[in-house]
Amino acid sequence: MHTTDATLALGQALQLYFQGEKTEALVFILPLGLLSLVFGCWLVADQPVSFTRGVAIPFIVMGLLMTVVGGIVGFRTPGQEHNVEQAVQRSTQAAARAELERMDKVNRAWPAYLAVWGLFGVVGLALRFATSADFTRGLGIALVFFAGVGLLVDGFAERRTHPYMAALKSAASPAQQDGK
């Protein structure tokens, strides 16, 4: 692949990756966080019984987290994309190497995220089926729900990194000479 081909492929992969990050954050994570907050608060206000409180607490906590994370990622992403694009214009190889370092850190975090969502699921199922208290059963059901949401969000996010990483590796290759 010629340098211009590698740079073009990187530019396309970069746009797809960051557009996916922004869309997932602003169209899915942020709105679901807000809905979770509304739902959790409504449960507490409308039906303050034990089962309902067990469901409401994770919805409020995760709703807050999702709202904050979705907002931060969604509104930070355009600036990140712009900075990477500017760096690519200065030196494709140097920018690709720097972004590879950042993305390696991102990719090393997936096992921890998956472990957290798996733990949510296992603990949630245990609370739902191995306890008799209404509060813990409600808590368990909500944990299973958020385990599914987390696995879904991170499943898309992780897969989005694959073509981006391939383009970064190609552009960072010593065989590529961008002449800059």
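This is a predicted model: local features need pLDDT of at least 70, side-chain atom pairs count only at pLDDT 80 or more; totals for chains, interfaces and linings use all residues.
How much space lies in the largest pocket? About 780 Å³. There are 32 residues lining the largest pocket, and those closest to its centre are Ile29, Val69, Val73, Tyr113 and Asp154. If you find these five in the structure, you will have the middle of the pocket in view.

Next, let us see where the lining comes from. Helix H1 (3–46), helix H2 (50–90), helix H3 (92–108), helix H4 (110–130) and helix H5 (134–172) each supply at least two residues. Which helix gives the largest share of the lining? That is H2, with 9 residues.

Helix H2 is also where you will find Met62. Is Met62 buried or exposed? Its relative accessibility is 9%, and buried means under 20%, so Met62 counts as buried.

Phe28, Leu152 and Phe156 make a nonpolar surface patch of about 280 Å². One of these residues, Leu152, is found in helix H5. Leu152 has a relative accessible area of 42%, which falls between the 20% limit for buried and the 50% limit for exposed, so Leu152 is partly exposed.

Note on methods
Residues are numbered from 1 along each chain as its sequence is written. Side-chain values use heavy atoms; hydrogens and water are left out. On a 1 Å grid over the protein atoms alone, a cavity is a set of points where a 1.4 Å probe fits but cannot get out, and a pocket is an open set with protein on both sides within 12 Å along at least five of seven lines; lining residues have an atom within 4 Å of a point. Grid points are joined across faces, edges and corners, and a volume is the space filled by probe spheres set on the points. Helices (H or I, at least four residues) and strands (E, at least two) are DSSP runs, numbered from the N terminus. Patches are made of residues with over 30% relative accessible area and no salt bridge: like charges are joined within 9 Å, nonpolar side chains (Val, Leu, Ile, Met, Phe, Trp, Tyr) within 5 Å. Accessible areas come from the Shrake-Rupley method with a 1.4 Å probe; for residues, only the protein chains shown count as cover. A salt bridge is a side-chain nitrogen of Lys or Arg within 4 Å of a carboxyl oxygen of Asp or Glu. Buried means under 20% relative accessible area, exposed over 50%, partly exposed in between (1.4 Å probe, protein chains only).
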